[in-house]
Amino acid sequence: MKKLLLAGVTIAMMATPAFAQTYKFAVVPKAMNNPFFDVARDGCLKRAKELGNVECIYKGPIEHEPATQAQIIQDFITQKVDGLAISVADVAAMTKSIDAATAAGIPVITFDADAPGSKRLSYIGTNNKDFGLALGKQLRELRPEGGKYAMVSGGPGAKNLAERVDGVREALKGSKWVEVQGSPTFCNDDSALAVQQMSDLRTATPDLAAIVPVGGWPMFAPEGYKAFVNKNKKDIDAGKLTLVVADTLKMQLELLRDGYSNALTGQRPFEMGEKSMDALLAIKKGQKVPEVIYTGLDLVTKDNVAQLLK
């Protein structure tokens, strides 16, 4: 009887969650001072809690520094995490890091920004060419008469941003819009610098008719961004300067609602975080995941901004 009781206790203990396999998945953003990635982090944490046997570890460079991102990934390799989800700041640097993780037996997926030539197993995020096309089409619809325009980008080594820039140009090809010299500028995900670059572009080209940031960086410094808009409000109200900005974080939707931009094209970072946990867990269970998982876009103007703010 005693042996039977002990056996029963052993079986019960084995069946408890404490004895279940727990996976540690690391999510590595381009920069932790970018609120876009805070939303992806929240999606990751929520999904990990729902799954129960997954821990989401969120860590990246404070600022956009590809070398620091590579070192953080190396640290995770040393710690032998169970999986990595990386937003690629620099394709060349991250390809080496991804391949090193794979060689160490750690599965890697990318989110937000991809390194398609690497050994990553899946990319989760936006179709960035379509993203750029959508930004360009929004501008073309708002201002069919055209004019001079400029773009603000993030890091020059980020493939996702280069694809957005190409998409904007393709959408405006054959129209009356002409890109000015010096476009795009590169703010390296620095919000204050993005605002300054918008101001510099306007100063260099007083008749600049549109600015298209292909990421939400300038709006992530709301006070500086509002100061820029207020300084140019006369031209914006008169339709002489149009602002079409990427991303749709809550602060951006509020700025659009209050008249501080003409249109937004948004990604879905929360879903990127959620799906990253799902994909890594599936891989650890031996399941195949799609090589590319697109999370979609949201087009926002003053006509539907209230609906998205609900």
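Trainee: Which helix gives the most to the lining of the largest cavity?

Mentor: Helix α6 does, with three residues. Helices here are DSSP runs of H or I with at least four residues, strands are runs of E with at least two, and both are numbered from the N terminus. Before we go on, this is a predicted model, in which local features need pLDDT of at least 70 and side-chain atom pairs count only at pLDDT 80 or more, while totals for chains, interfaces and linings use all residues. Residues are numbered from 1 along each chain as its sequence is written, and side-chain values use heavy atoms, with hydrogens and water left out.

Trainee: What makes a space a cavity or a pocket?

Mentor: On a 1 Å grid over the protein atoms alone, a cavity is a set of points where a 1.4 Å probe fits but cannot get out; a pocket is an open set with protein on both sides within 12 Å along at least five of seven lines, and lining residues have an atom within 4 Å of a point. By this rule there is one cavity of 30 Å³ or more. The largest cavity holds about 100 Å³ of space, and the largest pocket has a volume of about 250 Å³.

Trainee: Which residues lie nearest the centre of the largest cavity?

Mentor: Of the 14 residues in its lining, these are N34, F36, D112, R164 and W217. Both α2 (35-51) and α6 (159-172) supply at least two residues of that lining.

Trainee: Which helix supplies the largest share of the lining of the largest pocket?

Mentor: That is α9 (residues 233-237), with three residues. The lining of this pocket includes K233, I236 and D237, along with others such as L142 and T301.

Trainee: Why is N160 called buried?

Mentor: N160 has 1% relative accessibility, so it counts as buried (under 20% relative accessible area, with exposed meaning over 50% and partly exposed in between, using a 1.4 Å probe and protein chains only). N160 is found in helix α6. Of the 310 residues of the protein, 50% count as buried.

Trainee: How do you know that the side chain of N160 makes a polar contact with the side chain of K30?

Mentor: The distance is 3.2 Å, and a polar contact is a pair of N or O atoms within 3.5 Å, one able to donate a hydrogen and the other to accept it; residues adjacent in sequence count only if both atoms are side-chain atoms. The backbone oxygen of D112 also lies 3.4 Å from a polar atom of the N160 side chain.

Trainee: Why is A100 partly exposed?

Mentor: A100 has a relative accessible area of 32%, and therefore falls in the middle class. A100 sits in helix α4 (residues 91-103). A100 and D112 are 12 residues apart in sequence and 20 Å apart in space, C-alpha to C-alpha.

Trainee: Why does K80 count as exposed?

Mentor: K80 reaches 68% relative accessibility, so it is exposed. K80 lies in the loop between α3 (66-79) and β3 (83-86).

Trainee: What makes the phi of K80 worth a look?

Mentor: K80 has a positive phi of about 60° although it is not a glycine. Most residues other than glycine have a negative phi, and most peptide bonds are trans. N188 also has a positive phi, about 50°, and is not a glycine.

Trainee: Which peptide bond is cis?

Mentor: The bond from S183 to P184 is cis, with omega near 0°. P184 lies in the loop between β7 (177-179) and β8 (185-186).

Methods:
Grid points are joined across faces, edges and corners, and a volume is the space filled by probe spheres set on the points.
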